Amino acid sequence: MKFVTRFSPVALHFGSLETRLLQLTGGPGGWNVNLSLKAQGQGNTRHSKAASSLAPGLKSRAMGKDVCVATSTERAAMSVIPVERPQMDRLQATLEDAAVKSLEDSEGISYRYLPLTDQQSANQERNEFLLLSLGQSEMRRCTAASEALGFRPVGLEISAFPEARALIQANKDINDAWAFLHLSLDHAYFGIALDGEVHFLKTMERNGSLLLKTMYDGVGAGQGGAPVGMAPGFLVESDSDDQGSMFDQAQTQLQELTEMAEEQGTRLMSAVRVEAANLAQEVRACLRHFHARNQGHSVAALELTGFAAGIPGLHTLLEQSLKMPTEVARPFTKLGIGAPVEVLREQHMWCSNLGLALRSAA
């Protein structure tokens with residue numbers, strides 16, 4: 001019998017601080033990682049810088065020309081737009097007006113929306129829509145960088161949605177709603193999935209840099225302390241190479257904390273307990289909002305993604321505070337996808353790429 005090897009589209013995620021590229025290869029036994037690459041960079045030039053950095057590593061290793069692209073959720077504007085039933089005939093105009101006001105971009109604004117309420121319910125007096133707006137200049141930069149790598153873009157998404165897609169496939173055994181909390185260094189968002197779709201998505205106030213700095217300072221790790229300017233929002237919009245070194249320092253700090261965890265786990269958890277409790281309070285507010293609009297459904301579990309999801313003991317503190325099973329996301333492991341050790345070690349940071357690859361890989 002002759003087996004035909006299949007390849008997923010190339011999955012290219014232009015994150016706010018790091019760009020990642022992934023491709024899967026498969027056959028009768030399931031999927032395996034064919035290619036995985038990373039490049040640092042932020043700001044409006046991160047796309048072209050990533051293309052320059054990634055190009056040498058490709059060396060004809062990518063199969064096919066199709067690429068599914070995602071840009072950081074931090075680059076988009078997200079808002080919930082209520083529309084009274086009598087105003088539904090003006091839905092498009094209402095959403096377009098809200099989208100134009102949500103962002104500034106000299107090249108224009110594109111938007112998509114998702115209904116958050118049952119549109120067929122006769123008792124529904126007000127409908128709610130999740131509005132996602134993205135500047136056309138960001139779309140242009142994503143497309144140009146993809147084409148510079150020799151690929152043909154076949155789709156562009158905001159990263160939260162391919163991330164959810166990967167986790168949805170990995171959590172098919174959960175019958176009720178479940179949640180995911182993405183903790184990047186410079187932004188964070190919380191989402192809830194139900195029946196294979198995203199039913200709630202919100203930007204959070206606390207990000208990963210705050211949690212990492214709190215723990216790092218709290219245990220007095222390292223000799224030089226936290227880098228200058230490392231505070232909530234310390235990774236500001238900039239094209240300076242210094243931002244890359246700051247990201248390297250954050251990775252070094254996380255590694256130090258991870259190495260300390262085995263011997264000083266209690267001390268580490270104590271250092272971040274207050275901030276974890278504050279984060280849990282934000283999550284609880286989101287849960288209350290979801291439950292108020294989706295009565296009869298409970299959120300069964302929480303998965304953590306993004307850089308700061310790897311902070312030692314964070315998932316345990318959130319689980320204790322929320323009284324909800326909480327774990328660091330492991331979609332590659334749950335789906336049985338073969339991957340290099342370095343990808344499996346960081347699979348909570350590869351979720352968006354995996355969701356992009358799985359988009360057209362079936």
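Q: Which residues does Asn294 touch, not counting residues up to four places away in sequence?
A: In this predicted model, Asn294 touches Leu194 and His199. Asn294 itself lies in the loop between α6 (242-293) and β13 (299-305).

Q: Why is Asn294 called buried?
A: The relative accessible area of Asn294 is 12%. Buried means under 20%, so Asn294 is classed as buried.

Q: How many aromatic pairs does a search of the whole structure find?
A: The search finds three aromatic pairs. One of them is formed by Trp178 and Phe180.

Q: What makes the pair of Trp178 and Phe180 tilted?
A: The ring centres are 6.1 Å apart, and a pair requires centres within 6.5 Å. The planes stand at 50°; under 30 degrees would count as stacked and over 60 as edge-to-face. The pair is therefore tilted. Both Trp178 and Phe180 are buried.

Q: Why is the aromatic pair of Phe190 and Phe200 called edge-to-face?
A: The planes of Phe190 and Phe200 form an angle of 70°, and an angle over 60 degrees counts as edge-to-face.

Q: Where in the chain do Phe190 and Phe200 lie?
A: Phe190 belongs to strand β11 (residues 188-194) and Phe200 to strand β12 (residues 197-203), ten residues apart, and the pair links distant parts of the chain. Phe190 and Phe200 are both buried.

Q: How do you know that the charged end of Arg20 sits over the ring of Trp350?
A: The charged end of Arg20 is 4.7 Å from the ring centre of Trp350, and the distance criterion is within 6 Å. Arg20 is accordingly listed as sitting over that ring.

How values were computed. Residues numbered from 1 in each chain as written. Predicted model: local features only at pLDDT ≥ 70, side-chain atom pairs only at ≥ 80, totals over all residues. Heavy atoms only, no water. Helix = DSSP H or I, 4+ residues; strand = E, 2+ residues; numbered from the N terminus. Buried < 20%, exposed > 50% of the residue type's maximum accessible area, 1.4 Å probe, protein only. Contact = heavy atoms within 4.5 Å. Phe/Tyr/Trp six-rings, centres within 6.5 Å; stacked < 30°, edge-to-face > 60°. Lys NZ or Arg CZ within 6 Å of the ring centre and 35° of its normal.
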